[in-house]
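Subject: Structure handover

Hello,

Here is the structure I said I would pass on. Please look through it first; my notes come after it.

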Amino acid sequence: MNKKLTEKLASGHSTCAGCGIPAIVRTVLGATDEPVIVANATGCLEVTTTIYPYTAWKVPYIHNAFENAAATISGVEAAQKILLKKGKIQKKAKLVVFGGDGGTYDIGLQSLSGALERGHDFLYVCYDNGGYMNTGGQRSGATPYGASTETEPAGEQSFGKAKQRKDLMEIVAAHGVKYLAQACVSNLRDLEKKAKKALEIEGPTFLLVLQPCTQVWKFPTSQYVSVGKLAMETNFWPLYEIEDGKYTINYTNPNPKPIERFLETQGRFKHLFKPENKHVIEEIQKTVDANVERLVNKVKE
Amino acid sequence: MIHKTYSIQNTKYNILALTGGAAAAEALRQMEPDVMAVYPITPQTPIIETFAKMKADGKVETEIIQVESEHSAMSAVVGAQAAGARTVTATSSQGLALMHEILYIAAGLRLPSLMYVSSRALSAPLNIHGEHGDVMAVRDSGWVQIFSENAQQAYDLGFIGLKLAEKTRYPVIAVMDGFHTSHTTERVEVLEDADAKEFVGEYSPEKYLLNLEDPISLGALALQNTYFEFKLDQEKGFSKIKNEYKKICSEFRKTSGRSYKLFDSYKLDDAKEAIVILGSTAGTAREVVDKLRDEGRKVGLLSIHLFRPFPYKEVGKELAHIKKIAVLDRAMSVGAYPPLYTEIVNSIYHATSRKIDIASYIYGLGGRDTFQKDIEKVFKDLEEGEISEKIKYLK
């Protein structure tokens, strides 16, 4: 394996075949030559990289609990500030948090909100695989409308998730964060650019990265890049950034593929192709279109 | 603040009129913590308010993180302490309950933070007053617990607690009774800043996150093959705390002239009946002991400082000659005997095969005052042999 790639997160971790999380981590951490310290919420990344007595982390790493990665990094940041001031340490490290959507949209939202409001200097990266994948695929606040999950499965009386996902980007933006961006594991160059930008800014920054989960989205392990690409090409997952409140779209498809092209790649949406669920697909398409329109209008503002 | 410096027999000290909360804040100032992560809650708030003012006046350098909950307070404490900073916090009641999950993590990661707790009742129903229900609910979390009786002890045991934490790498809770101690102004002898600084020393951890040359991974996943050993190690180290505590108490005596032990024994040597207690009510009980002694009764008092780890052997030995004991708990363990009573029964069971009558009393829940007459009633019960397996309540 490319030595540069494994400089901070080594090979030998135990993520599933076809998981994009290591690529996200390596791309973000590879975006800076400065030293980094990583805080990690409980989740897939954590359990697959730190099984005692091993660790895949070659940089200082802390996992505290599920809902408190942002509070944990707040402590690290305050410690760094005062120890630099007192001359007890000399070098300043970049502080990066990785959390899944469960640890960020749901159980960790309060801790994230507090850390953003206090203005600590750190980058929070949420890898969004749309559910609690580490515990076997339960529904989260990031699970898309219509997806079948273990805790809101499709059935005779159900088409899967009956509510729309949270718009976490808008929630974070409402904190007046200087820089936040939406990215996708299928476009690592774009992710790298955004990570670089985020890490250069002083104060809290945020990246929301789509991470197609081969296990729970149910697609072949060779396909995570192409599934992510379809998320972008159907405009399900537009790439954009918000810098000082100003929106920039990095990628939307002017001639988007119909949302079915994305949905049909995954077992979690299989039930939507039954005739009685046609309305769900129509609803998803409507939401996708409206979201792009909203973003386009935001850019014009 | 009344402020006067005295010099007696070459020991210089200041005498201040402080509440327990302000005494704790003064101790924290002198410890010069790097980071304090804290969230307001009654009756803890005087500690952080006093400390925040000290910061505003440039008397401390500490980075204060004004977190959005106690859960985040304890989470930030873990982050800061792991990063290599001397880190402190303070809380009460619901706040301590909200921290519960992370208390185990701080202890499991062997992060030696100091936390002041102004103990208070837990909801429901809501009650903001003094009680030990909150600290008792976290007695198995792996934190050392040291109880104080008054503002002076709250001040002193904070120093002992911090040093004990950093020496043993176990976090420490220094407990004062909410309101009765935290909000009562008392005479407090305060160390000179330089003496305090010398006593606590520098915090220099061996491993810490901000040491970029030696990256560590903290918070690993330990499965069936290793978790058990981690817990055994934690227990093994914890059992050494008693001795360290004693050593640090004797160092503190040299610095302050004030002496602390695992517990305070009062007129126990020839006592036939005794009360065992935690916290501020010990003061009231001591008055009663004096009064009854004047009447010729052989009574005594044991007030416990170190509650975790519990000094079973020493307590057992101390009480082995007593005929009748009443254990007074300011906490309820619904459906079971209360916490201190259980520990005393255990201590005595292992110390002697002689039958000792031990009665359980619960008092002061939700901040209800306990008067001398209540304590006298307990001694009267003991004298008259009114001892059964039934828990009694001093209402």
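Predicted model: local features only at pLDDT ≥ 70, side-chain atom pairs only at ≥ 80, totals over all residues.

Chain B contains an open sheet of 6 strands, in the order 11-13-12-15-16-17, and the pairing is mixed. Its edges are strand 11 (263-266) and strand 17 (392-394) of chain B, each of which pairs on one side only. On average, neighbouring strands of this sheet are turned by 25° against each other, direction ignored.

Which residue of strand 17 of chain B is the bridge partner of B:Tyr363? The partner is B:Leu394.

Helix 12 (residues 339-351) of chain B touches strand 12 (273-278), strand 15 (324-329) and strand 16 of chain B. The direction of helix 12 makes about 150° with that of strand 15 of chain B. Helix 13 (residues 372-384) of chain B touches strand 12, strand 13 (299-304), strand 15, strand 16 and strand 17 of chain B. The direction of helix 13 makes about 140° with that of strand 12 of chain B.

The contact between chains A and B

Chain B and chain A each bring 38 residues to the contact. On the side of chain B that touches chain A, at least two residues each come from strand 3 (35-38), strand 4 (63-66), helix 3 (70-83), helix 4 (93-108) and strand 10 (217-218) of chain B. Helix 3 of chain B gives the most to that side, with 10 residues. By type, the residues on the side of chain B that touches chain A are 23 nonpolar, 10 polar and 5 charged.

Strand pairing also crosses between the chains: strand 2 (residues 61-63) of chain A and strand 10 of chain B run parallel and are joined by 2 bridges. Within this pair, A:Tyr61 stands opposite B:Ser217.

Helix 6 of chain B

Helix 6 (residues 151-168) of chain B has 18 residues. From its first C-alpha to its last, helix 6 reaches 25 Å, close to the 26 Å expected at 1.5 Å a residue. Is helix 6 of chain B mostly covered or mostly exposed? Helix 6 is mostly covered, with 17 of its 18 residues buried. After helix 6 of chain B comes B:Arg169, whose phi is positive, near 60°.

Regards

How values were computed: Residues numbered from 1 in each chain as written. Chains lettered and ligands numbered in written order. Pairing = 2+ DSSP bridges. Helix = DSSP H or I, 4+ residues; strand = E, 2+ residues; numbered from the N terminus. Axes fitted to C-alpha atoms, helices over the stretch in contact; angles between N-to-C directions. Contact = placed C-beta atoms within 7 Å. Nonpolar A, V, L, I, M, F, W, Y, C, P; charged D, E, K, R; others polar. Expected span 1.5 Å × (residues − 1). Buried ≥ 20, exposed ≤ 12 C-beta atoms within 10 Å, placed from the backbone.
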